[in-house]
Amino acid sequence: MGTITFDTVSKSYEGDIDAVKDLDLEVKDGEFLTLVGPSGSGKSTTLRMLAGLESVTDGEIRLAGEVVNYLPPRKRDVAMVFQNYALYPHLSVYENMAFGLKRSTDLSKEEIKKRVNQAAEMMDIKELLDDRPKQLSGGQKQRVATGRAIVREPEVFLFDEPLSNLDAKLRKHMRTELNRIQQDLETTTIYVTHDQEEAMTMSDRIAILHQGVLQQVGTPTEVYQEPNNLFVGQFIGSPSMNIFDVVYDPGDNTLTGDFEYQFSQEVATRVDDHGGTHYTLGVRPEDLQLAEVGSDANTFEVVVELIEPLGRDNLMYFDLPEADTEGREYVTFVDPNYHPDVGEHIYLTFDDQQIHLFDEETGLNVLNEESPGRVERIAADD
Ligand code: ADP
């Protein structure tokens with residue numbers, strides 16, 4: 001059983017650096033969980049503590065129920081794949097893949113050969129077994145590094161940004177391959193990436209970290225549709241969610257600020273339950289629509305800044321003529337046959353069922369306080 005539990009795990013480095021703070025996370029047996037967050041958010045540290053490459057400052061890490069805090073790396077049934085592949089340059093591909101088995105198991109030569117051949121078959125690198133790493137492309141090295149993890153038949157795979165050094169096309173291809181292999185082997189996997197798209201496309205569940213603090217854990221759909229807080233809302237999704245500063249008046253259910261908008265009674269009631277007035281409104285690009293001038297009270301005026309063709313849709317960047325939008329970027333999808341002029345004033349609208357409303361002070365999404373995978377402790381300086 002490859003269940004992994006992080007029980008209030010923290011890691012501090014010298015100089016008051018809290019790389020990971022009070023992490024509570026359970027990864028289920030056979031699950032593919034991705035740790036995602038910007039650079040420096042504590043992803044690698046989390047993975048390295050589980051692998052035994054970093055000590056744990058506080059809390060417990062359990063593998064299949066057993067506390068592993070003090071077990072040396074080779075006694076933990078985990079296999080890690082690194083971004084830089086970490087292959088031995090003087091050994092052949094075969095020897096690289098067999099090395100760990102020869103050193104830390106008492107498997108027979110025959111058994112080792114069988115496992116290496118099976119893994120090589122799986123990774124489609126059988127014809128490379130006699131080559132040295134320097135003869136291989138980046139993609140091939142990545143396959144060898146993954147093959148070397150597979151031959152160990154571990155309870156857990158750990159991947160630390162394994163595709164970052166590959167070009168975009170190969171990266172997409174390898175995502176699918178890694179997913180296929182993980183599903184075939186049903187090995188519990190923790191995958192680290194800073195790339196939210198990679199996290200969204202590969203994972204059963206995603207855990208989002210920010211400044212060492214877990215922000216939310218959920219399926220890709222949950223974290224996309226029901227972000228716990230402003231950080232998750234902006235980090236997950238590309239292009240990023242549009243962000244507006246608004247003030248809510250519970251007297252007549254209206255927003256003022258970057259523009260005016262009147263909530264439906266249903267949404268207003270949920271906002272009233274929260275009781276605040278100052279919010280950050282998040283609307284995803286696909287949830288904004290073009291509106292006829294003056295067709296509805298809930299339209300707002302924007303200025304077209306740039307049209308970027310994507311093929312099936314165009315991306316339209318815009319600005320708000322009446323608001324202070326310094327440092328913010330606004331974007332929506334429009335039909336490729338729609339050709340407004342740059343500088344043209346047009347109107348947009350949205351349905352309040354599709355919005356996200358974050359408390360200005362805490363950043364919490366007040367419209368989905370019951371969301372699955374909610375993690376209450378979200379402040380990075382807790
Ligand atoms: P990520 O993988 O999300 O980029 P890391 O886990 O590598 O983040 O780092 C988290 C924080 O811990 C960062 O602030 C980083 O500078 C710090 N850190 C990581 N390793 C060390 C170390 N060996 N010594 C001191 N600080 C470190």
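**Exercises: ligand shell and nonpolar cores**

Strand E2 (17–27) and helix H1 (43–51) each supply at least two residues of the shell around the ligand; helices (H or I, at least four residues) and strands (E, at least two) are DSSP runs, numbered from the N terminus. We're working with a predicted model, where local features need pLDDT of at least 70, side-chain atom pairs count only at pLDDT 80 or more, and totals for chains, interfaces and linings use all residues. Residues are numbered from 1 along each chain as its sequence is written, and side-chain values use heavy atoms, leaving out hydrogens and water.

**Exercise 1.** Find which element gives the largest share of the ligand shell.

*Solution.* Start with the residues around the ligand (a heavy atom within 4 Å): among them are Tyr13, Ile17, Pro38, Lys43, Ser44 and Thr45. The largest share, three residues, comes from H1.

**Exercise 2.** Pick out the residues that touch the most other members of the largest nonpolar core.

*Solution.* Take buried (under 20% relative accessible area, 1.4 Å probe, protein chains only) Ala, Val, Leu, Ile, Met, Phe, Trp, Tyr and Cys residues joined through side-chain atoms within 4.5 Å. Of the 32 residues in this core, the answer is Val93, Met97, Val116, Ile125, Val144 and Tyr191. By element, H4 gives the most, with five residues.

How values were computed: Buried < 20%, exposed > 50% of the residue type's maximum accessible area, 1.4 Å probe, protein only.
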